[in-house]
Amino acid sequence: MSLNRVQLIGNVTKDPEVRQIPGGATVATFSIATNFSWKDASGQRQDKAEFHNLVAWRKLGEICAQYVRKGSKIFAEGRIQSREWEAQDGTKRMRVEIVLDNMIMLDKKTGA
């Protein structure tokens, strides 16, 4: 048995990039930052941010494109996927992404 499941709560670092693939499906890509704090041996507070690349497909991609904005706080749930490709300059590239199954906006509603 194996399990590939990720749950994150973080802040969106920039507006999603949205595109349509040849089959017509929508894909939205964006990243979120999560923070970790601890006290070091001398008692000083330390902070570290981690950045996570997210990909949302089809209807969830459309929802992310419509509602997710830089600075939004979201709950993201999905699976880890890594991709490798060769760049135009011939170098090998790799990217680790979270392919979303679920996304919940955590910001409070404003206005009316």
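**Core, helix packing and pocket lining in a predicted model**

Thr 29 is located in strand S3, where strands (E, at least two residues) and helices (H or I, at least four) are DSSP runs numbered from the N terminus. The model is a predicted one, in which local features need pLDDT of at least 70 and side-chain atom pairs count only at pLDDT 80 or more, while totals for chains, interfaces and linings use all residues. Residues are numbered from 1 along each chain as its sequence is written, and side-chain values use heavy atoms, with hydrogens and water left out.

With a relative accessible area of 24%, Thr 29 is partly exposed; buried denotes under 20% relative accessible area, exposed over 50%, and partly exposed the range in between (1.4 Å probe, protein chains only). Residues up to four places away in sequence aside, Thr 29 touches Pro 16, Glu 17, Leu 54 and Val 55, contact being heavy atoms within 4.5 Å. Lys 14, 15 residues from Thr 29 in sequence, lies 9.9 Å from it, C-alpha to C-alpha.

Thr 29 also belongs to the lining of the largest pocket, together with Glu 17, Val 18, Arg 19, Val 27, Val 55, Trp 57, Gln 81, Arg 83, Arg 95, Glu 97 and Val 99. A pocket is an open set of points on a 1 Å grid over the protein atoms alone, where a 1.4 Å probe fits, with protein on both sides within 12 Å along at least five of seven lines; lining residues have an atom within 4 Å of a point. Strands S2 (17-20), S3, S4, S5 and S6 each give two or more residues to this lining.

The largest nonpolar core comprises 16 residues, and Phe 30, Ile 32, Leu 54, Cys 64, Ile 74, Leu 100 and Met 103 have the most contacts inside it. Such a core is a set of buried Ala, Val, Leu, Ile, Met, Phe, Trp, Tyr and Cys residues joined through side-chain atoms within 4.5 Å. At least two core residues come from each of strands S1 (6-12), S3 (26-39), S4 (45-57), S5 (73-86) and S6 (92-105) and from helix H1 (58-67).

Within H1, Leu 60, Gly 61 and Cys 64 are buried. These residues lie on the same side of H1 because they cover an arc of only 105° around the axis, taken from the directions from the helix axis to the C-beta atoms. The buried residues of H1 pack against S3, S4 and S6, whereas Arg 58, Lys 59 and Gln 66 are exposed on the other side. Arg 58, although not a glycine, has a positive phi of about 55°.
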